[in-house]
Amino acid sequence: LARIKYIHGEDDQSLFEAEQLLMLAEEKFAAALELSRDYGTINNWGLALTEHAKLKDDAEQMDRLFEAAYAKFEETTSLIEQDNSDMWVVLTNYSNALREHANRKLGDDHLRLFTDSLAKIELAAKLKPDDADVLTDWADALSEYANSQKGGEG
C-alpha cells in the first residue's frame, strides 16, 4: 500500500495506475485467502479497499468499497479473539476507514460514521492504552469531528 500512496496523484493517469494496482492487490488478497484464512490478510484487504474507496468520485462506488472494507474488518474481528494482541490494530484500521468515509459524507451519514469511528478507536485505546499511535488516532478523530461540526458539515 505504501507504493500506492506514492503513485496516487491528482492527474488522471496517476489515479488510473493507483486504481489498477489496488484492483491487483485485491485479487492477490483473494488468492492468498484461498491458501490460508489469515486474519492479517483479511485486515490488509480491508485497508486496500479503504484506499480504493478514497480514489472514487462516484459516491455509490465509494460507498460500496467502504462497505466492503467494513465487511473485511468485521470478518477479521470475528476470526481473532478479543484478547488477541492484534485486535487493537484491526479496530484502529476500522476506525480510520469509518473516519475517512465520514469525511466524505454529510448529515446523518456523517454523524453515524463518525460515531462508529469514535466507538472503534475508543475500544482500541482500551485494549492498548499505552500506545501513542492509538491515542493520536483517537485525538485526530475527535479533532476532525469537532472541526466538521464547527464548520457546519455533517
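**Entry 1**

Left-handed means that the near helix is turned anticlockwise from the far one by less than a right angle; clockwise would be right-handed. Helices here are DSSP runs (H or I, at least four residues; strands are E, at least two), numbered from the N terminus.

I noted who makes the contact. From α4 come Met62, Asp63, Phe66, Glu67, Tyr70, Phe73, Glu74, Thr76 and Thr77. From α5 come Met87, Val90, Leu91, Asn93, Tyr94, Ala97, Leu98, Glu100 and His101. Contact means heavy atoms within 4.5 Å. These residues divide into 10 nonpolar, 4 polar and 4 charged. Nonpolar covers Ala, Val, Leu, Ile, Met, Phe, Trp, Tyr, Cys and Pro; charged covers Asp, Glu, Lys and Arg; the others, Gly among them, are polar.

Then I looked up the geometry. The axes of α4 and α5 (residues 87-102) come within 10 Å and cross at roughly 165°. Axes are lines fitted to C-alpha atoms, for helices over the stretch in contact, and angles run from 0 to 180 degrees between N-to-C directions. The two helices are therefore roughly antiparallel. The cut-offs are under 35 degrees for roughly parallel, over 145 for roughly antiparallel, 65 to 115 for roughly perpendicular, and oblique for the rest.

**Entry 2: what I am looking at**

This is a predicted model, in which local features need pLDDT of at least 70 and side-chain atom pairs count only at pLDDT 80 or more, while totals for chains, interfaces and linings use all residues. Residues are numbered from 1 along each chain as its sequence is written, and side-chain values use heavy atoms, with hydrogens and water left out.

I counted elements next. The chain has 7 helices and 0 strands. How much of the chain is buried? Buried residues make up 39% of its 154 residues. Buried means under 20% relative accessible area, exposed over 50%, and partly exposed in between (1.4 Å probe, protein chains only). I also checked contacts with a separation of 6 or more: residues 24 or more positions apart account for 55% of them.

**Entry 3: α3 against α4**

I moved to the pair α3 (residues 39-55) and α4 (residues 59-79). They pack at an angle of about 165°, with axes 8 Å apart. They are therefore roughly antiparallel to each other. α3 passes α4 in a left-handed crossing. The contact includes Tyr39, Ile42 and Trp45 of α3, and Met62, Leu65 and Phe66 of α4. The residues of this contact divide into 13 nonpolar, 5 polar and 3 charged.

**Entry 4: α5 against α7**

Which way do α5 and α7 run, parallel or antiparallel? Their axes come within 11 Å and cross at roughly 20°. They are therefore roughly parallel. α5 passes α7 (residues 132-150) in a left-handed crossing. Trp88, Thr92, Asn96 and Arg99 of α5 meet Val134, Asp137, Asp140, Ala141 and Glu144 of α7. I sorted them into 3 nonpolar, 2 polar and 4 charged.

**Entry 5: the core**

In soluble globular proteins, nonpolar side chains tend to be buried together. I looked for that here. The largest nonpolar core has 31 residues. Such a core is a set of buried Ala, Val, Leu, Ile, Met, Phe, Trp, Tyr and Cys residues joined through side-chain atoms within 4.5 Å. Tyr70, Phe73, Ala124 and Val134 have the most contacts inside it. α2 (12-35), α3, α4, α5 and α6 (107-127) each give two or more residues. Which helix gives the most? α5 does, with 8 residues.

I followed Ala124. Not counting residues up to four places away in sequence, Ala124 touches Trp88, Leu91, Thr92 and Val134.

Tyr94 is in α5. Tyr94 counts as buried because its relative accessibility is 8%. Leaving aside neighbours within four places, Tyr94 is in contact with Tyr70, Phe73, Glu74 and Lys120. Tyr94 and Thr50 are 44 residues apart along the chain, and their C-alpha atoms are separated by 9.3 Å.

Ala18 lies in α2. At 0% relative accessibility, Ala18 counts as buried. Its C-alpha is 9.3 Å from that of Glu51, 33 residues away along the chain.

Is Leu106 buried or exposed? Leu106 sits in the loop between α5 and α6. Leu106 counts as exposed because its relative accessibility is 63%. Leu106 and Ser148 are 42 residues apart in sequence and 9.6 Å apart in space, C-alpha to C-alpha.
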